[in-house]
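I opened the notebook to record what I looked up in this structure. Entries follow in the order I made them.

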Amino acid sequence: MRAARLIRMALLVQSSPGLTADALARELDVSRRTVIRDAQALQEAGVPIRAERGRAGGYHLAPGHRTRLTTLHPTEAETLYLSGLPTALRDLGLSDAADTARLKLSATLLPSLRAAAESSVRRFHLDAPAWFREPSTPELLPELARAVWSDRTVRITYARPGRDDEVTRLLEPYGLVLKAGVWYVVGRVPAGRDGAWRTYRVDRVTALSPTDDEPFVRDPGFDLTEYWRASAEDFARTLLRTTATLRLTERGLGRLPAVADPAGVAEALASASGPDADGRVTVELPVESEEVAFAQLSELGADVEVLAPAGLRERFRAHARDLAALYGVAGQR
């Protein structure tokens with residue numbers, strides 16, 4: 001494991017000269033002290049890596065030196081061929097370029113590695129679109145992708161959902177995200193306006209034109225993956241507009257994550273009381289609506305009792321009466 005980390009560190013320094021010990025520690029998921037020890041180990045192994053101080057400091061390889069640690073392991077070759085999404089590349093207008101790149105890569109691989117890489121294509125297929133939805137490529141996606149690649153500010157016209165009007169915005173497009181078959185563009189309004197981050201569905205962009213401005217300067221601290229993760233969590237939480245108070249058996253508590261929204265379940269588990277005399281725990285579960293909560297919690301059967309809100313509790317009482325009447329259960333209350 002350490003040998004693989006040393007190889008990765010040497011390649012990182014070669015591809016990005018000037019990385020600090022802290023930056024390398026984050027990339028390698030180790031401590032700063034480990035980075036310093038690994039740099040010393042590389043020096044002892046003959047890799048001329050050195051740390052420089054000052055504003056242009058960080059770790060560098062000796063001028064003119066390039067590592068020869070670029071031979072691929074069979075598993076690495078397989079992974080490269082798994083990394084592409086055929087549908088996404090086609091949507092972005094990059095399928096021809098991707099095919100050419102794969103051909104060039106195959107030509108440089110040893111025969112044994114070439115077979116390993118090609119075998120992954122026969123064994124795995126990545127299908128991004130969701131079920132029951134006819135996939136369609138937004139007409140302006142390729143042009144928007146070119147703006148993302150070139151860091152070019154664009155003027156977009158956007159049809160707002162649920163409304164008949166459209167708005168025009170200036171946007172610095174930082175990245176594109178494909179979520180369940182739907183493309184989104186993540187960008188920032190130019191700092192001279194409000195500098196806020198925005199996310200737009202690409203299929204609602206009705207017009208797009210690059211500006212004549214110089215390419216915008218990217219924020220080096222922006223992480224598209226982290227931004228999307230946090231935005232998705234925030235969006236999921238905003239959908240949970242009310243709270244249900246529940247008494248759950250141990251089995252019901254264990255099954256709750258399978259039926260309710262993850263963001264709500266996390267809060268419910270954090271609010272759980274100790275077991276009462278019947279062995280049930282009480283939780284406060286954020287839910288989207290009483291109707292959605294009823295559909296979700298009905299799957300738990302008698303392992304859940306709704307205490308509040310009153311309307312949701314009455315839904316379950318009526319449901320229980322209907323079931324009792326249907327199946328001829330005596331002793332109804």
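How many bridges join β4 to β5, and do they run parallel or antiparallel? I counted seven bridges between β4 and β5, and the two strands run antiparallel. I note here that the model is predicted.

**Entry: the β4-β5 hairpin.** I looked at the turn next. Two residues lie between β4 and β5 in this hairpin. A180 has a positive phi there, near 50 degrees. Across the pair, I found L176 opposite V185 in β5.

Entry: Strand β5 covers residues 182-188 and pairs with β6 in the antiparallel sense. Five bridges hold that pairing in the assignment. V185 turns up again, now standing opposite Y200 in β6.

**Entry: β3 and β4.** I then moved to the β3-β4 pair. Six bridges link β3 and β4, again in the antiparallel sense. I156 faces R169 of β4 as its opposite residue. These strands also form a hairpin, with six residues between them. In that turn G162 has a positive phi of about 75 degrees.

Entry: I wrote down the strand order as β6-β5-β4-β3-β7. The sheet is open, has five strands and pairs antiparallel. At its edges I found β6 (197-201) and β7 (205-210), each pairing on one side only. On average, neighbouring strands are turned by 45 degrees against each other, direction ignored. As a reminder to myself, strands of a sheet pair through backbone hydrogen bonds.

**Entry: helices on the sheet.** Which strands does helix α8 lie across? I listed β3 (154-159), β4 (166-179), β5 and β7. Helix α8 spans residues 141-150 and runs at about 85 degrees to β4. Helix α9 (residues 224-238) packs on the sheet too, touching β4, β5 and β6. The direction of α9 makes about 105 degrees with that of β4.

**Entry: P173.** I picked P173, which sits in strand β4. Is P173 buried or exposed? P173 is at 0% relative accessibility, so I logged this residue as buried. Leaving aside neighbours within four places in sequence, I found P173 in contact with residues including L144, A147 and V148. Its contacts also include V185, V186 and G187. F216 and R218 are among them as well.

**Entry: D151.** I found D151 in the loop between α8 and β3. Why does D151 count as buried? Its relative accessibility is 19%, and the cut-off for buried is under 20%. With neighbours within four places set aside, D151 contacts P215, F216 and R218.

**Entry: a surface patch.** I turned to the surface. L323, L326, Y327 and V329 form a nonpolar patch there. Together they have about 450 Å² of accessible area. Y327 belongs to helix α13, residues 310-327. I logged Y327 as exposed because its relative accessibility is 64%.

**Entry: chain totals.** The chain has 13 helices and 10 strands. Of its 333 residues, 33% are buried. Among contacts between residues at least 6 apart in sequence, 60% join residues at least 24 apart.

Technical notes: Residues are numbered from 1 along each chain as its sequence is written. This is a predicted model: local features need pLDDT of at least 70, side-chain atom pairs count only at pLDDT 80 or more; totals for chains, interfaces and linings use all residues. Side-chain values use heavy atoms; hydrogens and water are left out. Two strands pair if DSSP finds at least two bridges between them. Helices (H or I, at least four residues) and strands (E, at least two) are DSSP runs, numbered from the N terminus. Axes are lines fitted to C-alpha atoms, for helices over the stretch in contact, and angles run from 0 to 180 degrees between N-to-C directions. Contact means heavy atoms within 4.5 Å. Patches are made of residues with over 30% relative accessible area and no salt bridge: like charges are joined within 9 Å, nonpolar side chains (Val, Leu, Ile, Met, Phe, Trp, Tyr) within 5 Å. Accessible areas come from the Shrake-Rupley method with a 1.4 Å probe; for residues, only the protein chains shown count as cover. A salt bridge is a side-chain nitrogen of Lys or Arg within 4 Å of a carboxyl oxygen of Asp or Glu. Buried means under 20% relative accessible area, exposed over 50%, partly exposed in between (1.4 Å probe, protein chains only).
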